[in-house]
Amino acid sequence: MKNTRRTFIKKASTGAFALTLGGILPSFSAKSYQQILGANEKIRVACMGVNSRGLAVGKNFALQKNCEVLHVCDVDSRAAEICIDAIHKIQSIKPKATPDFRNALEDKDLDALIVTAPDHWHAPAALLACSAGKHVYLEKPCSHNPNEGEMLVKSAEKHKRILQMGNQRRSWPNVAAAIAELHGGVIGRPYFAKTWYTNNRASIGIGKETAVPEWLNYDLWQGPAPRKAFKDNLIHYNWHWFWHWGTGEALNNGTHMVDLARWGLNVEYPTKVSSTGGRFRYQDDWQTPDTQMINLEFDNNSMISWEGRSCNGKSIEANSVGIIFYAEQGSMVIESGNSYKIYDLKNNLVKEVKNNFLVDARNLSDPSQNLDALHILNFFDGIRLGTRLNSDIVSGHQSTLLVQLGNISQRVGRTLAINPKNGHILNDREAMKYWSREYQAGWEPKI
């Protein structure tokens, strides 16, 4: 049994496994996968940032039989209470309310930190966890700026920690099968990947400076970011659209599909990056683009394009989010869910693999619980068995960097020349100012 199980796990971490899995997907579920990988040992975790998406991720971890949530950490006492109650309904023990996640890192029984806090906290929290000897499940994007991403790669290596980014589609069976087919030459050499995300987000208005609510520890919420006055249209979620804390739609949702594009084209760092767009729909406090086109060129004669429309939800290929690979002998569409279609050069549908899991790409908190559980289980196997991660921090950083470079191009208003060996910007001092950021004194991240 041990040999059979280990063989299964090794196959599960390869593209070849995705092809075999495609044949049994109709009767396959995250629950049955969990039964196969069932283990007696528990992995004990702390959840950092549990409003909305963080609540969904925390519950998903608690639902796994080989996991136990020990701490719930949030600067919003209301969100923490809701999460603690929800997780206690799933598992026998009640998680501790630990508002400051740094206190949870002192728990010797803790194995891993789940980071689902705002973007400006992603890398600093993960770095603290690694240095405390904890593994990390880090929601995308892995960093607020490129320098933080490089710090994460170095930290994971230095402290020998497992660090998985939450670009969960890397573990979705049919998505992995699609990429395996692509790499196998099903439509010849792919040379262009078009990706997109659309939504109908409302205006965030003009915020007013006001007293910090009694339920919020705003100083800890800001953490490594230099201090700014509290406004009533910032928390929760709208922080995404402020450069000081967020990274815009490009990293909020673009990271997922650009990551698949990079995976499918077998590329790492680009040679050239350009971006156009702006805040077009409303006149309010929103700073990042609501409409954006990012183009990335690579030295293997291929390119990636990302289209983001935050405030006009017209679908492309009948999907609010997706990716098309164009190749020498046809095209492939990976849709918003765990499904894909293959077309020949005459646009005839030659193969369709459908999804059997419910996916709602516009659900802000939990679009695909069962599928995402596969990514969590891969993280667990990385910790327990040394299984190759579907999205280790090197890969996570490379994909995050692509859209970060797009945002930097957008902010300086010109095309960037990039070193294809490491992704660094060439000969542009102004652009390099965005490679890192200023930090609040005493909160600077360290490896």
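**Exercise 1. The sheet**

How many bridges join strand 5 to strand 6? Then place both strands in their sheet and find what packs on the sheet.

*Solution.* This is a predicted model.

- Step 1: Strand 5 and strand 6 run parallel, joined by three bridges.
- Step 2: Look for a facing pair. Val136 stands opposite Leu163 of strand 6.
- Step 3: Widen the view. The open sheet has six strands in the order 3-2-1-4-5-6, and the pairing is parallel.
- Step 4: Check the edges. Strand 3 (96–97) and strand 6 (163–165) each have a single partner strand, so one side of each has no neighbour in the sheet.

**Exercise 2. Two aromatic pairs**

Classify the ring pair of Phe61 and Tyr137, then that of Tyr218 and Trp221.

*Solution.* A pair of aromatic rings is described by the distance of the centres and the angle of the planes.

- Step 1: The count of aromatic pairs in this model is 14.
- Step 2: Take Phe61 and Tyr137. Their ring centres are 5.1 Å apart and their planes stand at 80°. Planes over 60 degrees apart count as edge-to-face, so this pair is edge-to-face.
- Step 3: Locate the two residues. Phe61 is in helix 4 (residues 53–63) and Tyr137 in strand 5 (residues 135–138), so the pair ties together parts 76 residues apart in sequence. Phe61 and Tyr137 are buried.
- Step 4: Take Tyr218 and Trp221. Their centres are 5.9 Å apart and their planes are at 15°, so the pair is stacked.
- Step 5: Locate these two as well. Tyr218 and Trp221 are three residues apart in helix 10 (residues 218–222), which means about one helical turn separates them. Both are buried.

**Exercise 3. Charges over rings**

Over which ring does Arg78 lie, and over which does the charged end of Arg437 sit?

*Solution.* 

- Step 1: Arg78 lies over the face of Trp215, 3.5 Å from the ring centre.
- Step 2: Arg437 has its charged end over the ring of Tyr439, 6.0 Å from the centre.

**Exercise 4. Two helices**

Describe how helix 8 and helix 14 pack.

*Solution.* 

- Step 1: Helix 8 (residues 146–159) and helix 14 (residues 393–412) have axes 9 Å apart, at an angle of about 170°.
- Step 2: The helices are therefore roughly antiparallel.
- Step 3: Find the meeting residues. Those of helix 8 include Leu152 and Val153; those of helix 14 include His397 and Leu401.

Methods
Residues are numbered from 1 along each chain as its sequence is written. This is a predicted model: local features need pLDDT of at least 70, side-chain atom pairs count only at pLDDT 80 or more; totals for chains, interfaces and linings use all residues. Side-chain values use heavy atoms; hydrogens and water are left out. Rings of Phe, Tyr and Trp (its six-membered ring) pair if their centres lie within 6.5 Å; planes under 30 degrees apart count as stacked, over 60 as edge-to-face and the rest as tilted. Helices (H or I, at least four residues) and strands (E, at least two) are DSSP runs, numbered from the N terminus. Buried means under 20% relative accessible area, exposed over 50%, partly exposed in between (1.4 Å probe, protein chains only). A charge sits over a ring if NZ of Lys or CZ of Arg is within 6 Å of the ring centre and within 35 degrees of the ring normal. Two strands pair if DSSP finds at least two bridges between them. Axes are lines fitted to C-alpha atoms, for helices over the stretch in contact, and angles run from 0 to 180 degrees between N-to-C directions. Angles under 35 degrees count as roughly parallel, over 145 as roughly antiparallel, 65 to 115 as roughly perpendicular and the rest as oblique. Contact means heavy atoms within 4.5 Å.
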